[in-house]
Amino acid sequence: MTMEAIAPEVTAAGMTDDIAGIALGRRLKWWLPCFVVALGGLGLLGAAIGWLFYAGVGIWGIDWPVAWGLAIINYVWWIGIASGGTFISAFFFLMRVEWRTALNRIAESMTLFAAACAGIFPILHLGRPWFFYWLFPYPNTMGLWPQFRSPLLWDFFAILAYVVSSVLFWYLGLLPDLASLRDRATSRRQQIAYGALAMGFRGTASQWKHHRAAYGVMAAIMAPLVVSVHSIVGLDFAGAQTTGWHSTQFPPFFVFGAVLSGFASVLFLAIPLRRLLRLEPYITEHHLDVLGKLMLTASLCVAYAYLMDAFSVFYGAHPAEVTMFIERAFGLYAPVYWATILFNILAPQLLWSHRLRLNQPLVMAISLAVIVGMWLERYEIVVTSLHRTNLPSAWGVYHATFWDWATLTGTIALFFAGFLLFVRLLPVLSMFEMRELIGKRRRQP
Amino acid sequence: MRPGKPIWRSLDEHEGDAAFMARVAEEFPGLARVLAEGPDRRQVLKLMGAGLALGLGGCDPGDPKGQIIPGIKAPPGIVPGVENEYATASVLDGYATGIRVRHQDGRPMQVVGNPDHPASLGAADPIAQARILSLYDPDRSHGATKRNQPAGWDAFLAAFEQRRAGIAARKGEGLNILTGTVTSPTLGAQLARLQQLYPQMRWHQWQAINRDVVRQGAMLAYGRPVEAVYHLDRADVILAIDSDLLSAAPGHLRHARDFAGRRNPVAGSMSRLYAVESTPDLTGILADHRIVAGPREIHEILTALAAAILRHGALEPNTPAWIAPAIADLEAHAGGALIHIGPDQPAEYHALVHALNEALGGRGKTFDLIEPVEANPIDQAASLRTLIADMAGGRVQDLLILGENPAFTAPAAFAEALKQVPFSVSLGLEPDETAELATWHLPEAHPLEAWSDARAHDGTVTILQPQVLPLFGGHSAHEILALLAGDGAPDGYKIVRETWSKLDDAAWHRSLASGVIAGTAGKPSDGRLLQIGGPTLPAPTDRPITLLLRPDPYLWDGRFANSAWLQELPRPLTKLVWDNPLLIAPALATQLGVGNGDLVKLSAGGKVLTVPVWVQPGQAPDCVTAYRGFGRRQIGAVGKNAGFDFLPLGDGPLSIEKASGVYALATTEHHNPLDAAPEGVVRHGTAVAFAANPKFLQSPDPQASLYPPQPTGDTAWGMSIDLNACIGCNACVTACQAENNVPVVGKDEVLREREMHWLRIDRYYEGPAEAPRVLLQPMLCMHCEEAPCEVVCPVGATMHDAEGLNVMVYNRCVGTRFCSNNCPYKVRRFNYFAFARDEVRSIQSRNQEVSVRARGVMEKCSFCLQRIAAARIDADKEDRAIRDGEVVTACQAACPTQAISFGNIRDRASAVAKRKASPLAYALLDEINTKPRVTYEGRIRNANPAIAEDSV
């Protein structure tokens, strides 16, 4: 059993042939059926959004007093998933971790599409989505600015910054590989397409120098951004006085949660992809082992946050908070709470075992549990908090409607459609970094 | 809620349709001529434009038939932007409550109370307020119909003239007139004149919610149908038995005002109220001691009262423990004690209560007896029986039904018998069940469209004056009766003016302006009791279950069922809207194994009805309650499919069994009410605790804040709500809805928890479900000084103004709904759909001072910002500050008990500042430091110390 970050038999040229070959048209039998299914889901998303814009947010299950529902849950969930890619790619780049190289492209692409999915929800969720740009501080004849005290405004900025930086970071990392594809492409169409995308990257020393510097700077920007974006998302809730939200620990809590779902999602994608694209020599068991450990660590952090959440409720002993917490743990939505504990805290504990960490079906199952668990956690935070607030007369319930689920399903399809296109058209590993790694290994056996 | 009528797109579609042309001829003679001549679009449009202008300029005193050109200049007396009010009355079951109608640019727009009227004192109940909606109701009758086909008014006149000749020849033999309770002196005089003209004519009076037992009780006690007028302000101890004093009795708004004046211990000595109830009602909510009692217990209580008070005897040994101290309390306050019994109890009980009240020395103090207010008090049930028998026996040739809907409200025998009447005329506002069966249906002029008069509970007469020309060409009962008397061109004004010919023009105009004719209040009667000892009581029912059929507090007997405001007004205790499930006691629910919304099968007298149930805490276990007025069969778009008609069950023995299935019941309370404890929210305590420490409900210390105090200008708007005075009648909720164009959302959207009322009355239960204590709390935007909603809005759509109002900028709102999530009081309402756009409602009925909110926008109470602005303009014009009392919010104005005070809290002398200085004042959820501008005065219960807390 090899626990190397790269299989010893891998050569730079072989690896480049292999990876570029996928992008340049290696036959993938499973790809088209998957893509057709994703396109079907995309159609559903289109219908859900069209009907939403026509009829209004009333088609969803949101109500008085639970005025936020699946849209916000999905948003927080997707943005949490997105964190995984940035974390692996930027943090571990800065720390010069070897195993990052084989994973960062997959992880970053995941970030990109997850962030895209997340980004549409805050707009869909508005009562008057056609005025979303009012959140932007643009000069206008009315002399009106947005309201800078609102966490939502900072959330808008944070998301915008995050999505833009993620795209740039991803694209910058892709540039040398796009140039490789351009050089290897045989058909005119591919040459033109990759050529245009490569933006004239020819691999000169000065280009490499600038690329390296820019990439390093971007990584240094991205690493704090991933923390800030989830802190702001946490503040969307903590900034309110609402029961169940009004908690100073929310910013780190949300970062922990985001990172947990991010690692789980990377694992959930990498394990099948590794097999389907025969990437075993590059994404080795060492990668799975490391990711498993990271997921376990994140899970422990989340466990700490859950514990503190419960502790501070009883320590603060505000009657409404206590009522809400008891309702959360034993009331109508109790299954959600306990499923959260089971999926996010208990299931990952299996990863203490080295043997289980390498059991790929099990790790995939745990990852899926965490992904679902993190969705449920956001459901619990958004819905159970709002359905039992301060005044007993304003207690109510929330049930998602068909269109809520259609929108969620649709964004999952959007994610997979985007990801499948990435797998089909772009190098799934960072070839130039892999070559660097292989070369380094050669020099220092 | 969606319009149910077929939609037509152009007049061309109807061309050649004889019925349509007849209707056009009826309503737009000019248009009919043009249509008949062939389509000339320009001319049609011109005429339609003129018709529209006429409809809008409804208050123009000019003759509509002579003027079809819209005026460039406004009609005299109407200044755009300057409002006016005109007094009239809202008449329910004959009894008048004074109202004023607010006009904007010459259009009636809102009903408010009339401070000069003894039954209103400035307050208006939801039914009266909703009349503005029914005035503009697009489902009203639009023209005379014969056998449900449009026929036209002229055709009716011709047919009627023919019948009249026959009637005159027969001296009225076979002519029957059915009215509701009549207190109108004019109508009474007209009917008396007809009786002379046609000696064989029969005048029947019947309405579903009648006061026969009250009348019979007075007959039993005094030998004549005297009426009691109550003075609750002078009552120290009140025993209310199944009483509707505060909810439905004639003069209930006045009762509520008088009662509430004695309920705040800071203002003066408190009265004490004992309420005995089978089904919870407003009176029980307010009681210091509420006793749950079925028919047997009520009998037992009355027997004990008779024994102790009338015969000074000993009580039966097994009498409930509370009765002896309560009787002692009543006797100790002789002269200040009052017993009231509701109109659903037998006449003998009423007679006994008269005897008890006389014995307690309340006559002339806590109540007066006056001569009957009705024009002709009769036994209505007997009257209806006679009519049905005559109809079925073929003895009725002509029947006029004036303003009543007996085909729905009376037993089914009426509808059957009606089919046998050769010539029947129903005069009504809408094409209802009776209209469907009658030969002719005539559109009635709305009470706001016609001249009339009516008496209040104390006899005071109000002239009802038209606020607008009949929108749909209706006629009043007076005009129909005048036609019957042979007056070819009846004029409602002349008819009413003639009744009051003793008033000179100055007095007439004064009476019109003030809404009361001075000196018409009933004179105290000198009637004496026939038997000092009271009558023998009939044995109580031995049925295991008694069905209590009560009027719905808002739909009444069903006549208001097409009013969206009233349908969606949460019932005071259940908070149900759009439905009337069977109310059952928790014990019965357990026994049957049913919960809210579960279906049960009710069988009585061979009829079976499957209805949903609602578990009503505080309901007597041997009584089930059903509200009337729902389940209308022939009604406009709003009232369709709302609720159930329990009337077919009759009053026979009832059996209940569980049926399968669940029915969706919409309530504005979206949780189990017994889980929601009122602790700390509705602060309350006993009079004893208050005496020991008046500030016992206040939080120890105001919390420190890092933020600087909020605006410190000269004006700071604030409100104080006295929970001791709130009776939960919902007058404020309707007033707010009318004032602020608050949309109705319909049953489905209430089920989805999206009701829009800016002001709601929270209702909490405390204690055991069998006999809980009920606490009420009006809840509206608190206008917090540290408003949590403001800081979370990303676009600044909700802001603080310099006078401390938390204002909502609809145009700026993008609909993140964060403000609602962050509102601890949950008073913000969101337009999930375009609720206002989808309302089936005429645009004229909206308040033009308040913008109508679009889809996707948050809205909430504005403290009636538009009224503040109007007052500020007035004050600025005179270069002075706004005076205390100059700004009255809509809720405050409508409140019968003056529970709400509003004004400038910086002004130490203002009424609201004084109320806020009360030791009972507290801020809701003050621990989260939002510093609300609305504060409450805690509720004090004046319990009898001699009665142990758990004995009742």
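Which residue in strand 5 of chain B does Lys146(B) stand opposite?

1. **Ground rules.** Please keep in mind that this is a predicted model, in which local features need pLDDT of at least 70 and side-chain atom pairs count only at pLDDT 80 or more, while totals for chains, interfaces and linings use all residues. Residues are numbered from 1 along each chain as its sequence is written, and chains are lettered from A and ligands numbered from 1 in the order in which they are written.

2. **Where the chains meet.** The contact draws 38 residues from chain A and 39 residues from chain B (two residues are in contact if their C-beta atoms, placed from the backbone, lie within 7 Å). On the side of chain A that touches chain B, the largest share is the four residues from helix 5 (residues 151–184) of chain A. Helices here are DSSP runs of H or I with at least four residues, strands are runs of E with at least two, and both are numbered from the N terminus. Sorted by class, that side of chain A has 23 nonpolar, twelve polar and three charged residues. For the classes, Ala, Val, Leu, Ile, Met, Phe, Trp, Tyr, Cys and Pro count as nonpolar, Asp, Glu, Lys and Arg as charged, and the others, Gly among them, as polar.

3. **Domains of chain B.** The assignment gives domain 1 (11–135), domain 2 (145–206 + 380–514), domain 3 (227–370), domain 4 (546–667) and domain 5 (673–690 + 716–941); such bounds come from an automatic or database domain assignment. The C-alpha centres of domain 2 and domain 3 of chain B lie 38 Å apart. Four residues of domain 2 of chain B are in contact with four residues of domain 3 of chain B. The domain 2 side of that contact has one nonpolar, two polar and one charged residues.

4. **The seven-stranded sheet.** In chain B, seven strands form an open sheet in the order 5-4-16-15-14-6-7, and the pairing is mixed (two strands pair if DSSP finds at least two bridges between them). Strand 5 (149–150) and strand 7 (202–205) of chain B are the edge strands, each pairing on one side only. Strand 4 (residues 145–146) of chain B runs antiparallel to strand 5 of chain B, and two bridges join them. To settle the opening question, Lys146(B) stands opposite Gln149(B).

5. **The four-stranded sheet.** Another open sheet of chain B has four strands in the order 35-28-37-36, with mixed pairing. Strand 35 (900–904) and strand 36 (921–922) of chain B are at the edges with a single partner strand each, so one side of each is left without a neighbour in the sheet. Five bridges join strand 28 (residues 717–722) of chain B to the antiparallel strand 35 of chain B. Within strand 35 of chain B, Phe902(B) is the bridge partner of Met719(B).

6. **Helices 3 and 14 of chain A.** Helix 3 (residues 70–94) and helix 14 (residues 402–425) of chain A pack at about 20°, their axes 10 Å apart. Axes are lines fitted to C-alpha atoms, for helices over the stretch in contact, and angles run from 0 to 180 degrees between N-to-C directions. That angle makes helix 3 of chain A roughly parallel to helix 14 of chain A (under 35 degrees is roughly parallel, over 145 roughly antiparallel, 65 to 115 roughly perpendicular and the rest oblique). The contact involves Leu70(A), Asn74(A) and Trp78(A) of helix 3 and Asp404(A), Thr407(A), Leu408(A) and Thr411(A) of helix 14 of chain A. Its residues are three nonpolar, three polar and one charged.

7. **Helices 17 and 18 of chain B.** The axes of helix 17 (residues 477–484) and helix 18 (residues 492–499) of chain B come within 9 Å and cross at roughly 90°. These two helices of chain B are therefore roughly perpendicular to each other. His478(B), Glu479(B) and Ala482(B) of helix 17 make the contact with Gly492(B), Ile495(B) and Val496(B) of helix 18 of chain B.

8. **Backbone points to check by eye.** Most residues other than glycine have a negative phi, and most peptide bonds are trans. Trp64(A) and Pro65(A) are joined by a cis peptide bond, with omega about 15°. Pro65(A) is found in the loop between helix 2 (31–55) and helix 3 of chain A. In chain B, Lys826(B) has a positive phi, near 50°, and lies in the loop between helix 26 (818–821) and strand 33 (829–830) of chain B.
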